[in-house]
Amino acid sequence: MIQNHWARLPAPARVLLTAAALLLGAVALTFAMHNQDTYRTGTWDETSQSLVFGRILQIQNHQSAPGGFLGNYLVEGRDPQQDRYLFRENAPVRPEEYQPYTHQSGLQGLAFGWLNKVYSLINQGGEARERMLYATNAILLYLASLCLAAAAGRVFGPTAGLGFAAAVLCAPWVQRGMKNLYWCLWTWWLPALAGLLVWQLARRRGRVPGWGYGLVFGAVGLRCLCGFEFISDFLILCEAALFAAWVDALVRRAPARPWFFRMVYTGFAAVGGFAAALGVWFAQNVAYFGDAGEAWRSILEAATRHSLGGDASIPAVISLYLTSADPVLQLGPVALPPLALIALGAAGLALMALGQKFGLRPAGSLPALAALWCLGLLAPLSWMVLAKMHCQIHTHLVPILWNFALAPATLTVLGALVWQLARGLRRPGRKNPRREGPCGADC
């Protein structure tokens with residue numbers, strides 16, 4: 001009955017109600033998990049976050065510096081969180097002490113700087129505004145995660161969507177990291193959301209309008225303006241939904257050529273967004289150094305210092321993170337490291353294939369689900385191959401990559417397996433609702 005009433009609603013009303021429900025869920029999760037409060041849950045990568053608070057302080061005090069980069073106020077006896085403390089205490093700062101950080105564009109500092117000015121109209125207390133900024137960051141991450149979880153649930157069954165959501169809620173790295181204003185973890189989902197929108201447009205309309213690829217361009221560009229780190233992982237996730245639809249079409253012997261070209265166009269749009277962000281970064285460096293040659297040398301130094309060199313081989317770096325005992329997911333007393341997730345994902349796919357052989361049909365396409373899981377494994381590994389020096393140095397940062405690819409893909413597989421079994425246990429004679437595959441109702 002509820003489904004009938006929902007179907008009678010106009011499409012705009014359904015969209016607005018869905019968006020409101022997702023936003024309400026994101027707000028509820030933020031405060032239920034105390035992710036507006038770093039004092040209760042702890043922080044992650046405090047040194048990098050200090051750069052954002054330095055930029056917020058600069059904007060708060062109506063100061064400026066060439067290029068508009070993130071930065072620190074150089075005060076004697078420096079502490080890694082010094083600029084955060086200065087912000088919290090509304091301490092006066094001198095413009096000549098500001099030291100820009102030119103190794104990334106720093107859009108997040110500008111955005112949070114202006115948002116802080118808005119929040120200062122509500123509350124002048126530094127600690128209160130800090131909590132408001134953290135809450136905003138966490139709400140946006142939960143909102144992006146719930147959107148992806150809803151898509152997984154729609155295609156592979158409700159328990160698959162719950163599995164995706166659980167991968168975020170049970171991730172210790174993410175629960176600490178989502179408050180970090182430097183990394184802005186919600187921007188890590190933007191390319192995946194843009195690729196998902198292209199997939200949805202293609203399924204519903206049979207074609208993708210230019211603005212759909214424009215959103216891919218903007219999503220990747222926005223992510224890169226907040227930092228180029230881990231970019232190979234995000235570019236792969238941008239193609240994930242389209243790749244799954246392409247694999248699904250190939251297996252079903254449906255028209256696969258359109259999906260292939262949608263992947264190509266999405267790839268060009270994503271690389272275009274990356275190039276545009278690089279151009280903005282170069283222009284900022286020219287404004288700061290006053291010389292194009294010096295600006296280019298600064299960019300090359302920043303881009304290569306964590307990619308080239310190092311005494312560890314690529315297999316050694318991959319082995320370091322694959323065999324780590326640190327939990328990617330913490331399910332009560334059960335800790336799941338990377339190898340455990342790989343084993344669970346592979347076993348889940350095998351059991352679903354076995355169930356299908358014995359007449360238990362999965363909610364969505366099993367080949368598409370397998371394709372998503374394989375990309376979930378390969379996406380974090382891509383950064384370990386392309387930036388082994390960065391991975392060798394920043395051992396406290398890299399493990400979080402599992403949480404944005406492998407962990408949600410694995411729990412989606414397990415959730416889909418549960419849904420397949422639940423459908424198989426329904427009493428005989430009861431028809432299951434028909435669900436569309438990843439490439440649409442016709443595939």
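**Exercise 1.** In this predicted model, state the handedness of the crossing of H2 and H7, and characterise the geometry and the contact of the two helices.

*Solution.* 
1. Helices H2 and H7 cross in a right-handed manner.
2. H2 spans residues 11-32 and H7 residues 126-156; their axes come within 8 Å and cross at roughly 130 degrees.
3. Angles over 145 degrees count as roughly antiparallel and 65 to 115 as roughly perpendicular; H2 and H7 are therefore oblique to each other.
4. On the H2 side, the contact involves Leu-22, Leu-23, Gly-25, Ala-26, Val-27, Leu-29, Thr-30 and Phe-31. H7 contributes Ala-135, Ala-138, Ile-139, Tyr-142, Leu-143, Leu-146 and Cys-147.
5. By class, these residues comprise 13 nonpolar, two polar and no charged.

**Exercise 2.** Determine how H10 and H11 are oriented to each other, and describe the residues of their contact.

*Solution.* 
1. The axes of H10 (residues 190-205) and H11 (residues 210-225) come within 8 Å, with a crossing angle of roughly 175 degrees.
2. Since angles over 145 degrees count as roughly antiparallel, H10 and H11 are roughly antiparallel to each other.
3. Residues of H10 in the contact include Leu-190, Pro-191 and Arg-205, and those of H11 include Trp-211, Tyr-213 and Arg-223.
4. The contact of H10 with H11 has 13 nonpolar, two polar and two charged residues.

Terms used:
Residues numbered from 1 in each chain as written. Predicted model: local features only at pLDDT ≥ 70, side-chain atom pairs only at ≥ 80, totals over all residues. Heavy atoms only, no water. Axes fitted to C-alpha atoms, helices over the stretch in contact; angles between N-to-C directions. Helix = DSSP H or I, 4+ residues; strand = E, 2+ residues; numbered from the N terminus. Parallel < 35°, antiparallel > 145°, perpendicular 65-115°, else oblique. Left-handed = near helix turned anticlockwise from the far one by under 90°. Contact = heavy atoms within 4.5 Å. Nonpolar A, V, L, I, M, F, W, Y, C, P; charged D, E, K, R; others polar.
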